[in-house]
Amino acid sequence: FKPLYGGILGTPKQMHYYRAFKNKYIGVTAWHRKLQNDAFMTNKVILPSGRQYFFPNVERLRSGSVTNSTAIKNYPVQGFATADLLPIALIKLKNLLTERNLKTIICNTVHDSIVLDVYPEEEEKAIKTLKEAMMCLSNECERRYGFKYTMPIGIELKLGDLNLSADDWKKLKKAEADPVRYKDLIPWLKSFYFKASPATFDSPPEKLSIGYRGLVGDPGRGE
């Protein structure tokens, strides 16, 4: 995918691949050319969402390309995915979780991925809700930006707990059938717990159900 993000340099074999990519995906090549021309003529590129990236002092090169071409081609791809599309899915997901009275909460995002803290026994509902939020992107783009997003939306789901590795899960599954052995694993499982919230420099409250005194939230949803 490097050519899509503006990559142009590499080994001889990589350079051959980049040229083949440009020849095969002529639509992407034409779009890259337009981005560079826009940046050269106006010192900015404008995304379908209205987001603008400014590129001052862009100069034309003898090759026909422009200076700072990698960033000019990269920002619209990365920025549109993470700064325009993902927030739409997040807003839709938050609204759906609230409407359905789920206790599952959104706890993080990583690039174009959403991380949920899934409440026990809500796994299936959380997965269904997450899929629904992600699949709304086409309609929400048109409603919010006046732009019909037609790219296929692929969804990859991973369900885990406490950042356990595959070997850790195997160890835990084997112990489930043996109550004595399972009991011995409790201290091992607790070693994966956070000793404090990673978002603060403070210690967790004495009682999680009560939270920090003086702060108003919804303990049932972890807020």
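This is a dialogue on reading features of a predicted model.

Student: Where do I start with a chain like this one, and how many helices and strands does the protein chain have?

Tutor: Start with the secondary structure. The protein chain has eight helices and four strands. Along the sequence their order is α-α-β-β-α-β-β-α-α-α-α-α. Keep in mind that the model is predicted.

Student: What share of the residues in the protein chain is buried?

Tutor: A residue counts as buried when its relative accessible area is under 20%. Of the 223 residues in the protein chain, 27% are buried. The chain exposes about 16200 Å², and carbon and sulfur atoms supply 56% of that area.

Student: Next, salt bridges. How many does the structure hold?

Tutor: A salt bridge is a side-chain nitrogen of Lys or Arg within 4 Å of a carboxyl oxygen of Asp or Glu. The structure holds six. Take Asp-38 and Lys-34, whose closest N and O atoms are 2.7 Å apart. Both residues belong to helix α2 and are four residues apart, about one turn of the helix.

Student: Is Asp-38 buried or exposed, or in between?

Tutor: In between. Asp-38 has a relative accessible area of 25%, so it is partly exposed.

Student: Which salt bridge links distant parts of the chain?

Tutor: Look at Asp-84 and Arg-51, whose side chains meet in a salt bridge with an N to O distance of 2.9 Å. Asp-84 is in helix α3 (residues 69-99), while Arg-51 is in the loop between β1 (44-46) and β2 (52-54); the two are 33 residues apart. With a relative accessible area of 4%, Asp-84 is buried. Arg-51, at 31% relative accessibility, counts as partly exposed.

Student: Which residues are linked in a network of salt bridges?

Tutor: Glu-140, Arg-143 and Arg-144 are linked in such a network. Within it, the side chains of Glu-140 and Arg-143 meet at 2.9 Å, N to O. This pair lies in helix α5 (residues 137-145), three residues apart, about one turn of the helix. Glu-140 counts as buried because its relative accessibility is 11%. Arg-143 counts as exposed, at 57%.

Student: What about a charged residue that is buried yet has no salt bridge?

Tutor: Lys-73, in helix α3, is buried and has no salt bridge. The nearest side chain of opposite charge is Asp-38, 14 Å away. Apart from neighbours within four places in sequence, Lys-73 is in contact with Leu-4, Tyr-5, Gly-6, Ile-8, His-32, Leu-35 and Gln-36.

Student: His-32 is on that list. Where is His-32 found, and what does His-32 touch?

Tutor: His-32 is found in helix α2 (residues 26-42). Its relative accessible area is 8%, so His-32 is buried. Leaving out residues up to four places away in sequence, His-32 touches Pro-3, Leu-4 and Lys-73.

Student: Last, backbone angles. Which residue other than glycine has a positive phi?

Tutor: One is Asn-43, with phi near 65 degrees. Asn-43 sits in the loop between α2 and β1. Its relative accessible area is 31%, so Asn-43 is partly exposed. Another case is Asn-57, which has a positive phi of about 60 degrees and is not a glycine. Asn-57 is in the loop between β2 and α3. The relative accessible area of Asn-57 is 66%, which means that the residue is exposed.

Methods
Residues numbered from 1 in each chain as written. Predicted model: local features only at pLDDT ≥ 70, side-chain atom pairs only at ≥ 80, totals over all residues. Heavy atoms only, no water. Buried < 20%, exposed > 50% of the residue type's maximum accessible area, 1.4 Å probe, protein only. Contact = heavy atoms within 4.5 Å. Areas by Shrake-Rupley, 256 points an atom, 1.4 Å probe, with all protein chains shown as cover. Lys, Arg positive; Asp, Glu negative; His and termini not counted.
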